[in-house]
Amino acid sequence: MNNSTKTNCCPEFNPEPWNEKEIIWNDKLFLKDKVISFFHIPLNFGKVMIKNMEKIKKADAIDENTIVLSNEKSLWGSDIFISVKKNIGDAETIRISGKFLSKVYEGSYQNMGKWINDMKNYVLSKNKK
């Protein structure tokens with residue numbers, strides 16, 4: 001039984017394709033929304049994800065390799081981006097292009113500041129900005 005069957009949610013995350021990798025996207029499409037946070041701890045992430053996944057399913061826009069990104073822009077909120085395979089009429093979508101360095105972190109949200117600093121150092125170690 002896979003994890004998605006056990007949890008009725010998502011397959012177990014495999015960090016291998018994402019940990020310490022360079023990712024190249026050309027106009028990759030994402031649904032964009034906002035999450036309220038308290039010191040980087042999301043307060044309504046579950047509700048926001050459920051709402052958006054219902055929109056995505058209804059529009060038949062589920063990306064085969066769905067990825068969810070979070071832009072931790074402040075202690076009080078973040079933007080989330082859910083990959084989709086087409087535009088969704090009643091949702092904000094954006095396209096992201098570029099080369100990106102990725103690294104996987106696991107643990108408590110209280111470590112977010114440490115991970116942000118670690119990622120900054122990782123990017124510098126690769127001579128990137």
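Q: Which residues does Val48 touch, not counting residues up to four places away in sequence?
A: Val48 touches Asp33, Lys34, Val35 and Ile80, with contact meaning heavy atoms within 4.5 Å. Keep in mind that this is a predicted model, where local features need pLDDT of at least 70, side-chain atom pairs count only at pLDDT 80 or more, and totals for chains, interfaces and linings use all residues. Residues are numbered from 1 along each chain as its sequence is written, and side-chain values use heavy atoms, with hydrogens and water left out.
Q: OK, and which residues of α2 are buried?
A: Val48, Met49, Asn52 and Ile56; buried is under 20% relative accessible area, exposed over 50%, partly exposed in between (1.4 Å probe, protein chains only). They cover an arc of only 95 degrees around the axis, so they sit on the same side of α2. That arc is taken from the directions from the helix axis to the C-beta atoms.
Q: What's on the face turned away from that buried side?
A: The exposed residues Lys47, Ile50, Glu54, Lys57 and Lys58.
Q: And what covers the buried residues?
A: The cover includes β1 (21–38), β3 (68–74) and β4 (77–83). Helices (H or I, at least four residues) and strands (E, at least two) are DSSP runs, numbered from the N terminus.
Q: Switching topic: is Ser37 buried or exposed?
A: Buried, at a relative accessible area of 4%. Ser37 is in strand β1.
Q: What about just after α2?
A: Asp60 takes a positive phi there, about 50 degrees.
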